[in-house]
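Take a look at the structure below. This report walks through a few of its strands and helices.

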Amino acid sequence: MGTCIMNSEVAEANTEVRPRVSIGVPVFNGERYLAQALDSIFAQTYQNFELIISDNGSSDGTEAICRRYAAADSRVRYYRHDKTRGVTWNFRQVVLRSTGEYFMWVAADDRLAPDYVERCVEVLDRESQVVLCYCRSVDMDEDGTVLRREEPELNTAAAQPHERFRELIRMDHNCAALFGLIRASILKLTPIHGDFADSDRSVLAELALYGKYYQIPEDLFFHHDHAQRVTRQFPSRQQRMFKLHAERPPRFVLPHFRQFWEYLTSIQRAPLPWRERFRCYLHMLGWIRDNSPRLWSDLRFVAWQLLQPFRQGSSSD
């Protein structure tokens, strides 16, 4: 009986110290803005969090910055990887190593308003049907000057899963909701982050099948738009596929076909009534119609890859 009481006391103590919020920072060569991002995390009015930093083989001053913050605060867990494993792997690592009830990604070049986490926690604690809480985002240039951008209105708080799914498979939003606060138990039911371009859109669509989103109507998330961003360095999704597979580049890439397949499998995975599942599949027919030019671009890119050896051979002749 004494052992049981002691174990109960230990379990209770562990429950008390366990952070409610996990914040994950996947980083690769992020020395320019990393300290600003970390400072904005530690400046949060909500302090019951753990910070997981996954360093994807950085070769700049990232390691020194991370070790300085880890030495200063016991809530920081810093993982250093000797070689680059790709963006997907790194984004998944911070989630898989997290222990909190709620999870939030913070990119190494982004900043949070001081009350962002607290406001999101209040919503998730109050609204049991909400799986993700986010705010309006603001883009900044390399020097921190605000760049205003109009974002489409998304009905992510719709009552029916198929309505939320239809909104989030649209290609005209910037996926900023991915950096909101998410119920970790739901996020871990998904692939977390796919190994294909625009996989953040697929994760957001799948999360919407489990519950509503809540948008705080204020600018609390600040995103740097700079020349080193992957989307700036590799404008096409086909090019970004090679970046995502840093260890073993694929022979052929079909990012939009892959995205279509992931939408279908997310519908199948989610615990939906058959009517809702059927309506989601119907929305995918509309997605094919709206994105047929993108699907054709995949096929043209593969055709171009197939013809490259012949072109190189004829040029050498």
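## Strand pairing

Two strands pair if DSSP finds at least two bridges between them. Helices (H or I, at least four residues) and strands (E, at least two) are DSSP runs, numbered from the N terminus. The model is predicted: local features need pLDDT of at least 70, side-chain atom pairs count only at pLDDT 80 or more, and totals for chains, interfaces and linings use all residues. Residues are numbered from 1 along each chain as its sequence is written, and side-chain values use heavy atoms, with hydrogens and water left out.

Start with strand E1 (residues 21-27). E1 runs parallel to E4, and four bridges join them. Which residue of E4 is the bridge partner of Ile23? The partner is Met104. E4 also pairs with strand E8 (residues 181-183). Here the two strands run antiparallel, with two bridges. Phe103 stands opposite Ile182 of E8.

## The two sides of E4

In a regular strand the side chains alternate between the two faces of the sheet. Now look at E4 (residues 102-105). Tyr102 and Met104 point one way. Phe103 and Trp105 point the other way. All of these residues are buried, meaning under 20% relative accessible area with a 1.4 Å probe, protein chains only.

## Tyr79 in E3

Strand E3 (residues 76-80) holds Tyr79. Contact means heavy atoms within 4.5 Å. Leaving out residues up to four places away in sequence, Tyr79 touches Ile52, Ile53, Ser54, Asp55 and Arg97. Gly57 is 22 residues from Tyr79 along the chain, and their C-alpha atoms are separated by 9.9 Å.

## Helices H6 and H8

Find helix H6 (residues 161-168) and helix H8 (residues 199-208). Their axes come within 8 Å and cross at roughly 170 degrees. Therefore H6 is roughly antiparallel to H8, a label for angles over 145 degrees. Axes are lines fitted to C-alpha atoms, for helices over the stretch in contact, and angles run from 0 to 180 degrees between N-to-C directions.

Which residues make the contact? H6 supplies Pro161, Arg164, Phe165 and Leu168. H8 supplies Arg201, Leu204, Ala205 and Ala208.

## Ser202 in H8

Ser202 also sits in helix H8. Is Ser202 buried or exposed? Ser202 is buried, because its relative accessible area is 7%. Apart from residues up to four places away in sequence, Ser202 touches Phe196, Gln259, Glu262 and Tyr263.

How values were computed:
Parallel < 35°, antiparallel > 145°, perpendicular 65-115°, else oblique. Buried < 20%, exposed > 50% of the residue type's maximum accessible area, 1.4 Å probe, protein only.
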